[in-house]
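The sequence and structure come first.

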Amino acid sequence: MKFNIYTFSLLLFARTATAQDSISQRSQLNEVTVTAAKVPMKAGETGKIVTVLSREYLDKQGGKSISQVLNEQAGMVVNGASNNRGSIQEVYMRGAPNGNVLILVDGMPVSDASQIANTFDLNFISPDQIERIEILRGSQSTLYGSNAVTGVINIITRKTGDKKLGASLNAGYGSYNSAAANVNVYGNVRSFSWQAGYKQEYSDGQSDAYDKTGSGGFDKDGFRQQTAFAKLGLQATSRWNLQYLFNWSNYFHDLDVMGYTDEKDYTGKYKYLLNSFSSEYKFKTGSWHVLYSYQQTRRKQINDSSWISPMGYGKYDDTRFTSGIHQAETYVNWNISRVVRLIGGGAFSYTRMQQDNLNVGNYDGAEAVLSYLSPDSSHTSQTSVYASVLLHNLGGFNLEAGGRLNHHSLYGNNQTFSFNPSYLINNRHKIFINISSAYRVPSLYQLYTAGYGNRNLKPESTVSYETGYQATLAGNALNIRVAGFARKTRDLIVFISDTLPPYGGYDNAYRQRAYGGEAEAAWHITKGLDLTVNYSYTDGKITKLQDGKDTSYYNLLRIPKHAVNATLGYQVTRALYTSATLKYTGERYDNSQPMGDYYTIDLYGEYKFGNLLKIFAGFRNITDYQYFDILGYNSRRFNFNTGIVVNL
């Protein structure tokens, strides 16, 4: 495969296209972010790297999942984003393993405490519920705590708008006999706002596992999901705003037992509940915020005995996980003077999980083995205080510095720091440096699970360095950003195998180094014609003690050294929009096995009938390229979806 051929083709299309309408040109340095410092501020005022995916941008990704959208951003890999619907995706950023990116919904962390790496299942959030997504790169534990090692993704839910009563409906159909429908209603009554939504989705899917012989008769692994969403807002006074958020999701997914291996009666059922409350009180020189959330996740996986895979690990297996997370936080944004702003607060979290397993081994004479992990014995809590000082309005110079002290109920105390100077020149050029530390606490699974758990685990601790340049040029027609990073992590939590029962366990054993760079450009070529491109380079190694001396080797699992994403969008008329997207992923390794590089090309088009109606169609991987993100598991080859959106 010659990558330069496809790059040339894309650029040739850009050169020959003729636009008829214009979209607004804007400086990314003037985009407002609420994630960089927990309060609204312009991107030019912070030395942090922030990407804002607006509602306008998301509307032009018709039919894509959140994972697919994130998988096209600089420095990010969402492993499994193009696998069968219902696969639990793993989010990697800047070469770090899964679990090092913190995901927020409206500023509150979301996760599953029963997962090995506390992974949040992005299937639980529907793209129809989202107003925008903010991606904050680099170590952010000072403001956000555990797991914010390589970045933070803040999913901000939709606003109600100004209508007294409104509604939107959308429906779509696509490959694998996939169908989805969503309805959303909203309104405002004086100082009270509300919205509610419901989505149902169905897909026959394809086999999760790849049939390398082509004659194994692997069955299709289907997917069914229901999602309900509600959001209430109350402007209690001119200064005091209250908000409540509810999200419930329930989905069913057929599974395969392992890569290259079919399983005809292995199923998973997953339920998620989120209740979140927030309060913001504005005073003359700042604001006071209070947040609380409760999450519950239930996972049930059953491998029935009506069909037994020759490679299966059991004749029958019934595994059930339940996790619950309480989180509370309060913080103050105080403008002490024109040049000094203070962000300070405290946070508390309590997590617990329950695990039940009934297994009958896949051998003659096997007896049922029952194991149980009680939430009374598998729980932890954390209490943190943090503060960050921002110096700004100093002729373009900005400085943010802060620290966090965290107390964990098992291992005790740990702390972080951040130091982030930047300089903005003529509102068009920004240079920045970021030196910060971060941490990731051990999960409940790593601490308590039968046989493998280790209650003496320490948190992983990281120190990160990054520097870069961002600019808006050519009268706001061109936005560019380049950045380099290096990261050192110690006390890495890994599973160490053994030859004796229980054949291994979790321990703090290794050190990891990662480094790389990112380049991004958004070019408004001419009226209606826009090109966005990003390139990422990632490298790293792990160091462990072997035979009395340090041994280092490359260990970036499923993460490419080189990655490119490019989208050419063309607003043909006010009603008609089209785009072409190229994705190139370099060679990766799944354990020690190399996976070759690959590319995909996607096409998209939409037509609007005023503000009332939109029809769209997306064609993905149009060259039908066969590739794998996880060895032994299918990724989607050529596929399509089409749909309609109605706004009332």
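I looked up Ser203 and found its bridge partner in β13 to be Phe223. Strands here (E, at least two residues) are DSSP runs, numbered from the N terminus. β12 and β13 (residues 223–235) pair in the antiparallel sense over twelve bridges; I count two strands as paired if DSSP finds at least two bridges between them.

The model is predicted, so I note its limits: local features need pLDDT of at least 70, side-chain atom pairs count only at pLDDT 80 or more, and totals for chains, interfaces and linings use all residues. Residues are numbered from 1 along each chain as its sequence is written, and side-chain values use heavy atoms, with hydrogens and water left out.

I then turned to the other neighbour of β12. Strand β11 (residues 178–189) runs antiparallel to β12, and eleven bridges join them. Tyr186 has Gln195 in β12 as its bridge partner. The two strands form a hairpin with two residues between them, and Arg190 in the turn has a positive phi of about 55 degrees.

I also checked the faces of β12 (residues 192–203). Ser203 and Gln195 belong to its covered face, whereas the uncovered face includes Phe192, Trp194 and Tyr198.

Next I examined a second hairpin. β33 (residues 598–609) and β34 (residues 613–620) run antiparallel and are joined by seven bridges. Tyr604 has Gly618 in β34 as its bridge partner. Three residues lie between these strands, and Gly610 in the turn has a positive phi of about 65 degrees.

β34 is also joined to strand β35 (residues 639–647), antiparallel, by eight bridges. There, Lys614 stands opposite Val645 in β35.

I looked for parallel pairing as well. Strands β6 (residues 101–105) and β9 (residues 151–157) run parallel, with five bridges, and Val101 has Gly151 as its bridge partner in β9. An open sheet of five strands has the order β3-β8-β9-β6-β7, with mixed pairing. Its edge strands are β3 (49–53) and β7 (108–109), each pairing on one side only.

Last, I asked where Arg298 lies, and found it in strand β16 (residues 286–303). Its relative accessible area is 41%, so Arg298 is partly exposed (buried is under 20%, exposed over 50%, partly exposed in between, with a 1.4 Å probe and protein chains only).

Key
Helices (H or I, at least four residues) and strands (E, at least two) are DSSP runs, numbered from the N terminus.
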